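Here's a quick briefing to read with the structure open beside you. Take a moment to look around before going on.

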Amino acid sequence: MKPAPFSYRRPGTLQLALESLAGEPDAKVLAGGQSLIPLLSMRLAAPSMLIDINALPDLDHVTTAADGVRVGALARHAAVLADQDAVRVQPLLAKALANVAHSTIRNRGTSVGSLVHADAAAELPVVLRLLGGSLDVASTRGRRTIAAEDLYVGLLETSLRHDEIAVEAFFPALALGEGVAFDEVARRHGDYAMCGVAALVQVDGDRVVRARAGYLSVSEVPTVIELTDAFSVAVDEESLAAAGEMALAGLDPQTDIHASADYRAQLVRVLTARVLRSAYDDARGRMLARVER
Amino acid sequence: MSEELHEVRLVVNGATYDVTVPGRRLLSDALRHDLRLTGTHVGCEHGVCGSCTVLVDGTPMRSCLMLAVSAVDAEITTVEGLALADGSLSPVQQAFKDCHGLQCGFCTPGFLTTITAGIRDNPQPTREEAREMIAGNLCRCTGYQNIVKAVERAAELTSAPRRSSSVETPPGEHL
Ligand SMILES: Cc1cc2nc3c(=O)[nH]c(=O)nc-3n(C[C@H](O)[C@H](O)[C@H](O)COP(=O)(O)OP(=O)(O)OC[C@H]3O[C@@H](n4cnc5c(N)ncnc54)[C@H](O)[C@@H]3O)c2cc1C
Ligand code: FES
Ligand code: FES
């Protein structure tokens with residue numbers, strides 16, 4: 001099908017974009033279009049106006065500092081994935097982005113657009129939540145920073161207000177003693193996953209100080225669960241299985257056309273154990289590499 | 001109320017086209033209907049099949065997931081723009097011919113554009129990388145094996161462009 005009619009604006013400055021957005025209650029922002037244009041073509045969305053932000057200057061940056069990575073609203077997934085500094089400072093970015101669609105989609109889709117689109121099956125919202133990152137948004141009223149934990153409020157719904165444009169996301173760096181891992185199960189490589197898990201583990205020697213995992217495609221919103229208590233004694237098969245059960249207690253897997261709730265629950269168990277083990281190994285490996293240097 | 005129209009200048013395969021389109025005109029439709037460049041095929045129209053893939057400033061993108069009005073600052077290459085200046089087949093096109101990489105041909109424009117950029121960025125892909133390169137494109141006929149071989153063949157032809165390619169025996173098990 002084809003999109004319903006809309007008026008189209010392609011502003012050259014952020015200020016003009018914000019003014020157009022503020023003046024048109026049914027307007028939508030167009031970034032990479034890799035989620036929005038399918039919705040328009042299927043007529044699941046019919047905005048009165050599209051405000052194309054692709055001509056805005058200075059928004060395609062991927063800036064890395066010691067504290068983390070700042071990703072501008074026009075940085076494509078592919079540019080973030082290819083940024084050596086960014087993926088060194090926060091390796092979870094590359095691990096997750098490699099699972100976001102196929103390269104042709106990543107060439108156009110933006111990472112910030114994915115954060116704002118808030119698909120429960122998307123990888124980056126979970127990564128932002130797990131790392132405790134944030135999103136900077138602008139409107140004619142000024143700028144504010146939304147913490148990741150306050151960003152996701154419902155199915156495909158964020159706490160952005162209608163007149164706000166997201167300008168930059170912040171992904172915190174990996175801290176000392178931390179390790180990360182990501183894995184997901186999808187029908188076909190590159191498809192949206194039936195279940196995906198990102199993990200962040202902090203160690204002191206071989207002891208786990210903190211363990212958390214983020215889940216995609218299991219609940220309506222990206223969900224992060226504290227799993228530290230499962231590893232108070234050791235990281236072994238028993239504690240990894242316990243972590244899986246602990247995660248399930250905090251999740252409510254749903255049935256859809258792709259997978260039953262039972263099957264999703266099983267994926268949560270299996271992936272939690274696998275990903276926590278590998279994040280633990282990653283953390284230990286990084287500590288050892290530091291000592292050897 | 002009549003629909004708002006936009007004057008848009010598109011640069012496709014080196015030629016400039018001025019068209020008047022509504023904001024909702026997909027780039028794929030602008031190419032096919034307004035420019036009559038029907039080499040770009042439209043299968044699913046929501047980003048999944050890959051048959052509409054074109055190069056935007058050299059980078060593969062789905063033309064069904066772009067608006068024509070949004071393509072104004074870009075140079076677009078469609079399958080019609082892949083052949084060499086003298087009209088002979090490009091290495092990727094030649095490789096598809098050599099390896100029997102197409103049957104009905106519906107998916108082929110998307111594979112050719114994707115692989116053209118893929119080989120440019122990674123001139124010597126491994127088998128695994130060749131498979132990854134085409135992972136976002138669907139083909140209902142070939143079973144993909146000969147397309148993977150065509151990627152490898154295209155890499156070979158590209159690294160030795162002056163040899164007369166069509167008379168050589170193509171590599172591998174496909175004969
Ligand atoms: C075939 C296919 C497979 C895919 N597979 C995956 C996958 O496995 N995992 C995954 O995570 N994603 C997947 N995607 C989606 C892809 O990652 C999108 O690029 C991304 O979700 C949205 O980014 P975009 O720049 O394309 O946003 P758009 O489509 O332009 O916008 C999406 C929504 O966000 C809003 N928006 C975008 N940017 C801003 C901004 N700066 N400020 C305010 N609002 C904004 C828009 O108004 C719109 O509502 C897939 C897409 C396709 C077509
Ligand atoms: S027609 Fe564009 S991806 Fe299928
Ligand atoms: S050759 Fe028929 S779909 Fe690929």
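How many salt bridges does the rule find across the interface of chain B and chain A? The rule finds four, where a salt bridge is a side-chain nitrogen of Lys or Arg within 4 Å of a carboxyl oxygen of Asp or Glu. Keep in mind that this is a predicted model, in which local features need pLDDT of at least 70 and side-chain atom pairs count only at pLDDT 80 or more, while totals for chains, interfaces and linings use all residues. Residues are numbered from 1 along each chain as its sequence is written, chains are lettered from A and ligands numbered from 1 in the order in which they are written, and side-chain values use heavy atoms, leaving out hydrogens and water.

**Where the chains meet**

- On chain B, 27 residues are in contact with 28 residues of chain A (contact means heavy atoms within 4.5 Å).
- About 2,200 Å² is buried between the two chains, and carbon and sulfur atoms give 55% of that; buried area is the accessible area (1.4 Å probe) that two parts lose on being put together, summed over both.
- Arg24(B), Leu65(B) and Leu67(B) lose the most area on the chain B side, together 26% of what that side buries.
- One of the salt bridges joins the side chains of Lys2(A) and Asp29(B), at 2.8 Å from N to O.
- Strand E4 (residues 59–62) of chain B gives four residues, the largest share of the chain B side that touches chain A; strands (E, at least two residues) and helices (H or I, at least four) are DSSP runs, numbered from the N terminus.

**Around ligand 1**

- Residues from chains A and B surround ligand 1, so the site is shared between chains.
- There are 36 residues around ligand 1, and Val29(A), Gly33(A), Leu36(A), Thr110(A) and Glu123(A) come nearest (a residue is near a molecule if one of its heavy atoms lies within 4 Å of it).
- Backbone N or O atoms approach oxygen atoms of ligand 1 from Gln34(A) at 2.8 Å, from Leu36(A) at 2.7 Å and from Ser114(A) at 3.5 Å.
- The protein covers 94% of the 960 Å² of accessible area that ligand 1 has on its own (accessible areas come from the Shrake-Rupley method with a 1.4 Å probe).
- Strand E2 (27–30), helix H7 (111–117) and strand E10 (165–172) of chain A each give two or more residues to the shell, and H7(A) gives the most, with five.

Key. A polar contact is a pair of N or O atoms within 3.5 Å; within protein, one must be able to donate a hydrogen and the other to accept it, and residues adjacent in sequence count only if both atoms are side-chain atoms.
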